[in-house]
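Here is a friendly briefing to read alongside the picture. Please keep the structure open while you go through the points.

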Amino acid sequence: MAKIFVLGEVTSSEVNKATLECCSEAKRAGATEVHAVLFGKGGESAAASAGKAGATQVHYVEEAGYNLAQRAATAASLVEAQKPALVLVPATTHGKELAGTLAARFQSAYASECLEIRLGDDGKPVALRPMYSGKVRARVKLNGDGPAVASLRPNVVAVDADGGDAPVASVALSGEAGTVKLTDSSAKAAASGEVELSEASIVVSGGRGLKDPSNFHLIDELAKALGGAVGASRMVVDAGWKEHRYQVGQTGRVVTPDLYVAVGISGAIQHLVGMQNSGCIVAINNNPEAPIFKVADYGIVDDLFEVVPKLTEKLKA
Ligand code: FAD
């Protein structure tokens, strides 16, 4: 009996897409039981829909707000009681810190940012994951006695919808709140109506080509017209134009949206490793030799101050 636990999130209206991707991937991996542990606020009625994506059992945990220590304690007690082969977590901001915390607690094998998961003939998980800043893809086997832990990169695998509603068991949050003071940047983003960068299906990023922070509204407006999230290069973040949570790249977020629009970004290797696996890449840059064009599917060689406002106007219309 191969069991996989998915740890994810639910809002009052829907199970988060990256969580559904994990449920479907767990089923495709060969699990006969997929348990989804869903943390949320007022989300119990939406939790059952994880069954459509592949969950066979949902454990719903109501929480007052995000708290890593309590999420880890609650998930650990469920996992320790059920002993699954794998704990699968979306590689989102919250997911990544939960995955690392649990792997340390279980002293188990951990594969981050996976692109595919399968259970081998011996029941051990085998993960496909990028290594060396995306230069190679390796298949790694997660050995060891404890439940292995893996995080799955958002927007890489499909969500199935051929299941039904799954039974939902309500589970109380356990553990101490802890003394670590947390700043929840995704909650901040959600409150301001922004799309969460690591899960977005469309990302519009701005670079130093914008020349001045007062011009970044061009990126915000284009992203809004496309219904996407805003990203930035490190130059923009280092200059203090945008907070670090917007940074795409080696020392920022890795994003895999369906559409990535790079505006005034040169395409340094450290930026490319954060976005080069996007479905379609559009680059706007006035230098035809800019390296970003090597990975772009569509390129506009022109002044961004001319192109971007026109593009935004067209999209709004
Ligand atoms: P620039 O390289 O200055 O490019 C600006 C671009 O704008 C140019 O291509 C220019 O042609 C274009 N442009 C100028 N004016 C216009 C105009 N009017 N219209 C259209 N185009 C215009 N970088 C990241 O982004 N993310 C990371 O995570 C990251 N991590 C790093 C880690 C390390 C260890 C190191 C050493 C570097 C890292 N960097 C990272 C920095 C990276 O090497 C580049 O310096 C950075 O990505 C460049 O940012 P940029 O493209 O915005 O700026």
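Asn-155 lies in the loop between β9 and β10; helices (H or I, at least four residues) and strands (E, at least two) are DSSP runs, numbered from the N terminus. This is a predicted model, in which local features need pLDDT of at least 70, side-chain atom pairs count only at pLDDT 80 or more, and totals for chains, interfaces and linings use all residues. Residues are numbered from 1 along each chain as its sequence is written, and side-chain values use heavy atoms, with hydrogens and water left out.

**Positive phi angles**

- Most residues other than glycine have a negative phi.
- Asn-155 is not a glycine, yet its phi is positive, near 65 degrees.
- At 13% relative accessibility, Asn-155 is buried (buried means under 20% relative accessible area, exposed over 50%, partly exposed in between, with a 1.4 Å probe and protein chains only).
- Gln-107 also has a positive phi, near 55 degrees, and sits in the loop between α4 and β5 (110-114).
- Gln-107 is exposed, with a relative accessible area of 71%.

**Helix α4**

- How far apart are the end C-alpha atoms of helix α4? They are 21 Å apart, which agrees with the 20 Å that its 14 residues (93-106) should span at 1.5 Å a residue; the expected span is 1.5 Å times one less than the number of residues.
- The buried residues of α4 are His-94, Gly-95, Leu-98, Ala-99, Leu-102, Ala-103 and Phe-106.
- Gln-107 follows α4.

**Around the ligand**

- Of the 26 residues around the ligand, Ser-233, Thr-251, Ser-266, Gln-270 and Asn-285 come nearest; a residue is near a molecule if one of its heavy atoms lies within 4 Å of it.
- A backbone N or O atom of Arg-234 is 2.9 Å from a ligand oxygen atom.
- For Val-248, a polar backbone atom is 2.8 Å from a nitrogen atom of the ligand.
- In the side chain of Asp-303, an N or O atom lies 2.9 Å from a nitrogen atom of the ligand.
- The protein covers 78% of the 990 Å² of accessible area that the ligand has on its own (areas come from the Shrake-Rupley method with a 1.4 Å probe).

**Salt bridges**

- Side chains of opposite charge can pair when their charged atoms come close.
- A salt bridge is a side-chain nitrogen of Lys or Arg within 4 Å of a carboxyl oxygen of Asp or Glu, and by this rule the count comes to 18.
- Lys-52 and Asp-165 form one of them, at 3.1 Å from N to O.
- This pair links distant parts of the chain, 113 residues apart: Lys-52 is in the loop between α2 (44-47) and β3 (57-62), and Asp-165 in the loop between β9 (148-152) and β10 (168-171).
- Lys-52 is partly exposed at 37% relative accessibility, whereas Asp-165 is exposed at 56%.
- Arg-234 meets Asp-238 in a salt bridge of 3.1 Å, N to O, and both lie in helix α7 (residues 234-238), four residues apart, about one turn of the helix.
- Arg-234 is partly exposed, at 44%, and Asp-238 is exposed, at 52%.

Methods:
A polar contact is a pair of N or O atoms within 3.5 Å; within protein, one must be able to donate a hydrogen and the other to accept it, and residues adjacent in sequence count only if both atoms are side-chain atoms.
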